[in-house]
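Let's take a walk through a protein together, one piece at a time. Have the sequence and the 3D view open, and turn the view as you read.

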Amino acid sequence: MERRRELMAAAVSRFGLLERDRLQTHFSEHSLVCSYRRGAETVYVRLTDESHKPYAKIAGEVQWVEFLGSNGVCVARPHYSAAGNLAERIRMEDHDYTAVCYEEAKGRPVGENDADESLHRRMGQFMGRMHGITKGYIHLDPVTKRPDWSEEAGKVRRIALPPSEKEITLGYQALLHYISEFRLLRTLMD
């Protein structure tokens, strides 16, 4: 417990927050998240063990979220640290952690009664807008650049499933083939 306090104290100091402004602490299997009062707003600091997700991967994610936010997409925007970084690496006892700080997301949790056609349509519009804006995203840092979806898809394809799941494997391969053809067609049309 003391180690968690020390870790979070190191993280919040990097983002100019004060421990006395802590609101809540949330634990998960791989992260420690604390909410803090910063003036009139609430922000969240997340610490992730690098054995779960490496710094470069988190930094790449946060850079993309910042790009979305700076282009008008309603996202929980990340905050820069005092050193001007979106992600901070913290080393404690020969172990590395990554700290990020986000503003509080707008809105409310979606309940079971909210899941209707209107919600799904709005979610689709939001994702379409997000994807449209992402087309203009150029990630310049090769260290934090996320892999192309096709690299990840190849990893999934290599997962050994039991013979009873053969239909899933065939369906996944058909979907990948369809997406590849669609991408080729889009490339030819552009």
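Predicted model: local features only at pLDDT ≥ 70, side-chain atom pairs only at ≥ 80, totals over all residues.

Glu-93 has a relative accessible area of 58%, and since anything over 50% counts as exposed, Glu-93 is exposed. You'll find Glu-93 in the loop between S4 and S5. Its backbone is worth a look too: phi of Glu-93 is near 50°, a positive value in a residue other than glycine. Why point that out? Because most residues other than glycine have a negative phi.

Now look at Asp-94, which also lies in the loop between S4 and S5. Its phi is positive as well, near 55°, and Asp-94 is not a glycine either. How does Asp-94 count, buried or exposed? Its relative accessibility is 68%, so Asp-94 counts as exposed.

S4 and S5 form a hairpin with two residues between the strands. They pair in the antiparallel sense, over six bridges.

Strand S2 covers residues 31-38 and strand S3 covers residues 41-49, and the two pair in the antiparallel sense over eight bridges. Two residues sit between the strands in this hairpin, and here Gly-39 takes a positive phi near 65°.

In S5, Leu-47 has Ala-99 as its bridge partner. That takes us across to the next pair of strands: S3 and S5 pair in the antiparallel sense over seven bridges.

Now put these strands together. What order do the strands take in the sheet? They're arranged S1-S2-S3-S5-S4, in an open sheet of five strands with antiparallel pairing. At the edges you'll find strand S1 (22-27) and strand S4 (87-92), each of which pairs on one side only. From one strand to the next, the twist averages 20°.

Which helices meet this sheet? Helix H1, made of residues 2-14, lies across S1, S2, S3, S4 and strand S5 (95-103). H1 runs at about 145° to S4. Helix H2, made of residues 55-70, also packs on the sheet, where H2 touches S3, S4 and S5. The direction of H2 makes about 10° with that of S5.

Let's follow the chain beyond H2. Gly-72 lies in the loop between H2 and S4. At a relative accessible area of 45%, Gly-72 falls between the 20% and 50% cut-offs, so Gly-72 is partly exposed. Gly-72 and Met-130 are 58 residues apart along the chain, yet their C-alpha atoms are separated by 9.5 Å.

Next, head for helix H4 (residues 149-157), where you'll find Ala-153. Is Ala-153 buried or exposed? Its relative accessibility is 5%, under the 20% cut-off, so Ala-153 counts as buried. Leaving out residues up to four places away in sequence, Ala-153 touches Tyr-172 and Leu-176. Ala-153 and Glu-181, for their part, are 28 residues apart in sequence and 15 Å apart in space, C-alpha to C-alpha.

Finally, step back and take in the whole protein. It has five helices and five strands. Starting at the N terminus, the elements run α-β-β-β-α-β-β-α-α-α. The C-alpha trace spans about 55 × 40 × 40 Å along its principal axes. Of the 190 residues, 27% count as buried. If you take the contacts in the protein with a separation of 6 or more, residues 24 or more positions apart account for 57% of them.

And the outside? The protein exposes about 13,000 Å², and carbon and sulfur atoms supply 55% of that area. As for charges, there are 28 positive and 28 negative ones, and their mean positions are 3 Å apart.

Note on methods: Residues numbered from 1 in each chain as written. Heavy atoms only, no water. Pairing = 2+ DSSP bridges. Helix = DSSP H or I, 4+ residues; strand = E, 2+ residues; numbered from the N terminus. Axes fitted to C-alpha atoms, helices over the stretch in contact; angles between N-to-C directions. Contact = heavy atoms within 4.5 Å. Buried < 20%, exposed > 50% of the residue type's maximum accessible area, 1.4 Å probe, protein only. Areas by Shrake-Rupley, 256 points an atom, 1.4 Å probe, with all protein chains shown as cover. Lys, Arg positive; Asp, Glu negative; His and termini not counted. Charge placed at Lys NZ, Arg CZ, Asp CG, Glu CD.
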